[in-house]
Protein chains: 2
Amino acid sequence: MSDIEFPSKILENAVNEFSRLPGIGKKSALRLSLHILKQDKESVYRFAEAITTLIDEIKYCQNCFNISDSDICSICSNPRRDHSLVCVVENVRDVMAIENTHQYNGIYHVLGGLISPMDGTGPDDLTIAPLEEKLKKGEIKEIIFALSTTMEGDTTNFYLYRKFQNYPVKFTTIARGVAIGDELEYADEVTLGRSLVDRQPFEKNVQ
Amino acid sequence: MSDIEFPSKILENAVNEFSRLPGIGKKSALRLSLHILKQDKESVYRFAEAITTLIDEIKYCQNCFNISDSDICSICSNPRRDHSLVCVVENVRDVMAIENTHQYNGIYHVLGGLISPMDGTGPDDLTIAPLEEKLKKGEIKEIIFALSTTMEGDTTNFYLYRKFQNYPVKFTTIARGVAIGDELEYADEVTLGRSLVDRQPFEKNVQ
């Protein structure tokens with residue numbers, strides 16, 4: 001596909017732009033471009049405007065750095081949330097995933113990435129300084145680390161813990177174990193091993 | 001995902017617009033929207049402009065109805081192509097696929113779809129009338145049908161053949177058979193059966 005001759009430079013340009021998106025190859029980009037051509041102009045303009053509005057007008061909550069339409073997001077401005085409980089996550093997708101469980105009543109702190117020397121992301125590229133500012137104010141009682149169990153996630157967990165361990169705060173991580181509904185034989189050995197080491201009193205399951 | 005609460009209406013709107021594209025679900029749409037947010041403004045504007053330019057400025061060749069930047073496409077305006085040989089295809093992707101083989105020196109006629117009562121696409125929705133105009137001019141010697149072997153493709157083939165059979169033109173279809181490089185045991189039985197019925201002199205393979 002890469003050396004194919006397009007019948008139109010305009011089409012080729014659109015295909016090239018679509019294929020810059022993650023997970024979209026040249027063939028999908030061509031399919032999307034031809035789909036666009038079949039739509040009415042109003043809906044195509046609405047699509048293009050949604051994209052430019054996104055980059056132009058989106059804000060980040062000044063408290064937790066989650067994506068927001070206002071200076072303080074709806075979670076941070078909610079007085080019924082526990083502001084002494086802060087869940088540290090990588091990005092807004094993680095916030096949305098946790099909110100979707102309806103099991104969490106604290107607030108968040110969105111790092112905006114993970115420490116990754118390979119990708120050139122260091123601590124200064126993340127929202128670590130504002131998190132320390134919050135710690136200094138003494139309003140936080142517990143910090144829950146909810147980062148990916150990847151090398152980058154573990155590195156970031158460890159960095160944050162080392163940096164903040166002298167603050168009078170409880171540090172926890174989300175539980176790791178065999179997913180509910182999963183069969184034991186298909187669980188990977190690291191997860192299964194961890195679930196044995198971190199076993200819980202049986203009574204907790206029958207509450 | 002569908003009943004998830006987005007932290008931002010602007011983000012939600014972008015996700016909804018992305019998820020209108022074929023093959024892109026809500027999760028992919030969110031991933032694409034967050035990718036957009038990480039780009040610099042210029043490249044996002046370039047993307048949006050490529051899309052609106054596509055719908056605003058694309059033309060269709062007045063001869064073959066292929067996508068084109070000019071009134072007559074580069075294939076139809078090429079004097080070295082055989083204008084008496086017309087390959088009838090569904091859309092521009094098929095033109096690009098055939099051009100990519102470098103085995104075809106005729107011109108095309110892009111129908112813009114296939115007859116599909118299910119989808120409400122009838123003969124009048126396709127570029128069949130202009131094809132008949134070309135036939136009337138008497139410049140066409142052979143029409144090659146290169147449509148999908150689906151019910152819609154077969155219906156369209158049959159409709160065109162019945163409509164045009166009295167014109168003094170040779171009608172052919174592209175060869176169907178076991179793909180080159182495919183193993184026999186994995187070929188579907190209809191294709192394998194057709195490849196036996198339409199067997200070719202062995203000498204043709206050793207030319």
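Trainee: Let me start with one cysteine: is A:Cys64 buried or exposed?

Mentor: In this predicted model, A:Cys64 has a relative accessibility of 2%, so the residue counts as buried.

Trainee: And which cysteine sulfur is closest to the sulfur of A:Cys64?

Mentor: The closest cysteine sulfur belongs to A:Cys73, and because the distance is 3.7 Å, the two are too far apart for a bond. A disulfide would need the sulfur atoms within 2.5 Å.

Trainee: What about B:Cys73, which cysteine sulfur is closest there?

Mentor: For B:Cys73 the closest cysteine sulfur is the one in B:Cys64, at 3.7 Å, which is again too far for a bond. With a relative accessibility of 1%, B:Cys73 counts as buried.

Trainee: How many disulfides are there over all chains, then?

Mentor: The count over all chains is zero. As background, a disulfide is a covalent bond that joins the sulfur atoms of two cysteines.

Trainee: What does UniProt place at residues 61–76 of chain A?

Mentor: An unreviewed UniProt entry places the feature "zinc finger region: C4-type" at those residues of chain A. In the model, the span 61–76 of chain A is 0% helix and 12% strand, and its end C-alpha atoms lie 8 Å apart.

Trainee: Changing topic, what order do the four strands of the open sheet in chain A take?

Mentor: The order is β4-β3-β5-β6 in chain A, and the pairing is parallel. The edge strands, each of which pairs on one side only, are β4 (106–110) and β6 (170–173) of chain A. From one strand to the next, the twist averages 25°.

Trainee: How many bridges pair β3 with β5 in chain A?

Mentor: Strand β3 (residues 82–89) and strand β5 (residues 142–145) of chain A are paired by four bridges in the parallel sense. Within this part of the sheet, A:Leu85 has A:Glu142 in β5(A) as its bridge partner.

Trainee: Which way do the residues of β5(A) point?

Mentor: A:Glu142 and A:Ile144 point one way from β5(A), while A:Ile143 and A:Phe145 point the other way, and all of them are buried.

Trainee: Where does helix α4 of chain A lie?

Mentor: Helix α4 (residues 92–101) of chain A lies across β3 and β4 of that chain, and runs at about 160° to β4(A). Helix α5 (residues 128–136) of chain A also packs on the sheet, where it touches β3, β4 and β5 of chain A, with its direction at about 145° to that of β4(A).

Trainee: How about the rings, how many aromatic pairs does the structure hold over all chains?

Mentor: There are ten aromatic pairs over all chains. One of them is formed by A:Phe47 and B:Phe18, an edge-to-face pair with 5.3 Å centre to centre and 85° between the planes. This pair crosses between chains, from helix α3 (residues 41–57) of chain A to helix α1 (residues 9–18) of chain B, and both A:Phe47 and B:Phe18 are buried.

Trainee: Why is the pair of B:Tyr161 and B:Phe171 edge-to-face?

Mentor: The planes of B:Tyr161 and B:Phe171 stand at 85°, with the ring centres 5.5 Å apart, so the pair is edge-to-face; the cut-off for that class is over 60 degrees. B:Tyr161 sits in helix α6 (residues 151–164) and B:Phe171 in strand β6 (residues 170–173) of chain B, ten residues apart. B:Tyr161 is partly exposed, at a relative accessible area of 39%.

Conventions
Residues numbered from 1 in each chain as written. Chains lettered and ligands numbered in written order. Predicted model: local features only at pLDDT ≥ 70, side-chain atom pairs only at ≥ 80, totals over all residues. Heavy atoms only, no water. Phe/Tyr/Trp six-rings, centres within 6.5 Å; stacked < 30°, edge-to-face > 60°. Helix = DSSP H or I, 4+ residues; strand = E, 2+ residues; numbered from the N terminus. Buried < 20%, exposed > 50% of the residue type's maximum accessible area, 1.4 Å probe, protein only. UniProt positions renumbered as here; feature names shortened; annotations may be inferred. Pairing = 2+ DSSP bridges. Axes fitted to C-alpha atoms, helices over the stretch in contact; angles between N-to-C directions. Contact = heavy atoms within 4.5 Å.
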